[in-house]
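Open the model in your viewer and keep the selection tool at hand. We will go from stop to stop, and at each one you will hear what to select and what is there.

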Amino acid sequence: PGGTHFRTHWSPILALLWPLIRMTHSPLSLQIAQVVLIALTAVPLYRLIERYAGTACALRCAWLCLLYPPLLANAFAEFHELAFYPVLTLSLIWAADRARWGWFAVFAALLVLVREDACLDLAIIGIALALVGASARQKSARGLLYGEPIQPLALAAAGTSLTLLAAGSLAFYAGVVLTRLGPWAPSHFYQYAFARGPLQTALSIFTHPVDLLRAVATRGRLTYLLEAFVPLALLPLLTPWTLLALPAFAGILLSSDQSVWRMGMHYVLLWAPWMVLAASFALVRLAQRRSERIARIWWRAAISLCVVFLIAFNPMHPAHYLRAEPYQHSADVMRAFACVPRDAEVVTHDEWFAHEAIAYPNSSEIPDRLGSYRGYIVYGSDWQSGHFLKVKPQIEAGVRAGTLLPVCRFGSVAVVRTR
């Protein structure tokens, strides 16, 4: 809605999937791409841990990554550009750990094109990496996960560069893109009585701390954190690498909209890779400081908890997503769209738009107000969503007044166009 995704999110990385869409002409290809991207998260994690603890431990950590409910749920959910984030962040850490600075630059460049809130997190993460590099001792170099990078000064420079790159990408989006397209659409996720928008919400930590505490100290947010930590058997609490997840947790838990901190939503992809990295390194330290047997027991506990959470609190919500909805994309919908020229402006319901947007490049969702709209409308006359029930009277009034002309109708699916 509004003609461009950039008003909602800064995600130029989506262009990488254009050849896939062009080749398949199917939105299902995006879902498959998301499954692949989430599954690939285990690869850089395996490569990272293998250096510290060998093949067997690395393989266990990879399995834990693939069974971690928040990650698994987002392989199953609707496609979202944040699917790129976990594999790229762990690849970035792998590159920093091995001092592969060319690859570090590639992964950093891709990451700052994923989304604007990811840029904010990356700016903080870059500062953290720079501090690790600047404070590391040159004599010992057990590896980045121990805070002892191979090339400390180079890491400090790389971390600083990541911060500048992320800040620059964010500034370009805010200062150039949004000034032309309009205000940032998701800002309504941070509206309280004492704050309007994300910046005021963040500042309210200092200006209205008591009000903010009352607003965010809810049972729902607590259970959200439990669903993040408990499946990993609290292993992330044993290593400071969990701190890199704090910016993402803060951005999510400070939201005034409950949907943002609902497990299974794509926002978890901003913190999930840091959680599996922290849990994996905790297993490495347990094996080295205590015994391999203790590490295996803790790993089995984490795997068991992941399975329990997938059975009892499944964030994939299969009972919802695998249920046949009454308004599916049907034969009547396809026949109705055949009445619309392929290059015409056309709006329809969100669920049908997902199927037809590739074939109809000038399509969009039905807007709230039809007064200035010019083009075709494909709709179900018996559709019961709250949004459409507000728009339906406008369509009916337009047909009665003659400003909307009936084109065709198949069952409950109708097509009208503006005069």
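Start with helix 2 (residues 28-40), which gives the nonpolar patch its largest share, four residues. Helices here are DSSP runs of H or I with at least four residues, and they are numbered from the N terminus. Now select Leu28, Ile32, Val36, Leu40 and Val43: together they make a nonpolar surface patch of about 430 Å². A patch is built from residues with over 30% relative accessible area and no salt bridge; nonpolar side chains (Val, Leu, Ile, Met, Phe, Trp, Tyr) are joined within 5 Å, and like charges within 9 Å. The accessible areas come from the Shrake-Rupley method with a 1.4 Å probe, and for residues only the protein chains shown count as cover.

Stay on Leu40, which lies in helix 2. Is Leu40 buried or exposed, or partly exposed? Its relative accessibility is 37%, so Leu40 counts as partly exposed. The scale calls a residue buried under 20% relative accessible area, exposed over 50%, and partly exposed in between (1.4 Å probe, protein chains only).

A quick note before moving on: this is a predicted model, in which local features need pLDDT of at least 70 and side-chain atom pairs count only at pLDDT 80 or more, while totals for chains, interfaces and linings use all residues. Residues are numbered from 1 along each chain as its sequence is written, and side-chain values use heavy atoms, with hydrogens and water left out.

**Salt bridges**

How many salt bridges does the structure hold? There are seven. The term means a side-chain nitrogen of Lys or Arg within 4 Å of a carboxyl oxygen of Asp or Glu.

Select Arg47 and Glu50, whose side chains meet in a salt bridge at 3.2 Å, N to O. Both residues lie in helix 3 (residues 42-67), three residues apart, about one turn of the helix. Arg47 is partly exposed at 39% relative accessibility, and Glu50 is partly exposed too, at 23%.

Next, pick Arg60 and Glu292, a salt bridge with its closest N and O atoms 2.3 Å apart. Arg60 lies in helix 3 and Glu292 in helix 14 (residues 292-312), so this pair ties together parts that are 232 residues apart in sequence. Arg60 is buried at 13% relative accessibility, whereas Glu292 is partly exposed at 33%.

Then move to Arg335 and Asp332, where the closest N and O atoms of the salt bridge are 3.8 Å apart. The two are three residues apart in helix 16 (residues 331-337), about one helical turn. To finish this stop, select Arg51, Asp97 and Arg98, which a network of salt bridges links.

**A buried leucine**

Select Leu269, in the loop between helix 12 (246-253) and helix 13 (272-289). Leu269 has a relative accessible area of 0%, so it counts as buried. What is Leu269 in contact with, leaving aside its neighbours within four places in sequence? Show Ile38, Leu71, Asn74, Leu82, Ala83, Tyr85 and Pro86 to see these contacts. Contact means heavy atoms within 4.5 Å.

**Rings**

A search of the whole structure finds 16 aromatic pairs. One of them is Tyr192 with Phe194, stacked at 5.2 Å centre to centre with 10° between the planes. Rings of Phe, Tyr and Trp (its six-membered ring) pair if their centres lie within 6.5 Å; planes under 30 degrees apart are stacked, over 60 edge-to-face, and the rest tilted. Compare Tyr379 and Phe388: their ring centres are 5.9 Å apart and their planes at 35°, so the pair is tilted. Both Tyr379 and Phe388 are buried. For a cluster linked by ring pairs, select Phe6, Trp10, Phe172 and Tyr173.

Now look for a charge over a ring: Arg142 lies over the face of Tyr146, 4.2 Å from the ring centre. This requires NZ of Lys or CZ of Arg within 6 Å of the ring centre and within 35 degrees of the ring normal. Arg342 does likewise with Tyr360, its charged end 5.1 Å from the centre of the ring.

**Last stop: two alanines**

Select Ala99, in the loop between helix 5 (85-98) and helix 6 (101-111). Ala99 is not a glycine, yet it has a positive phi of about 60°. Ala233, in the loop between helix 11 (219-229) and helix 12, also has a positive phi, of about 55°, without being a glycine.
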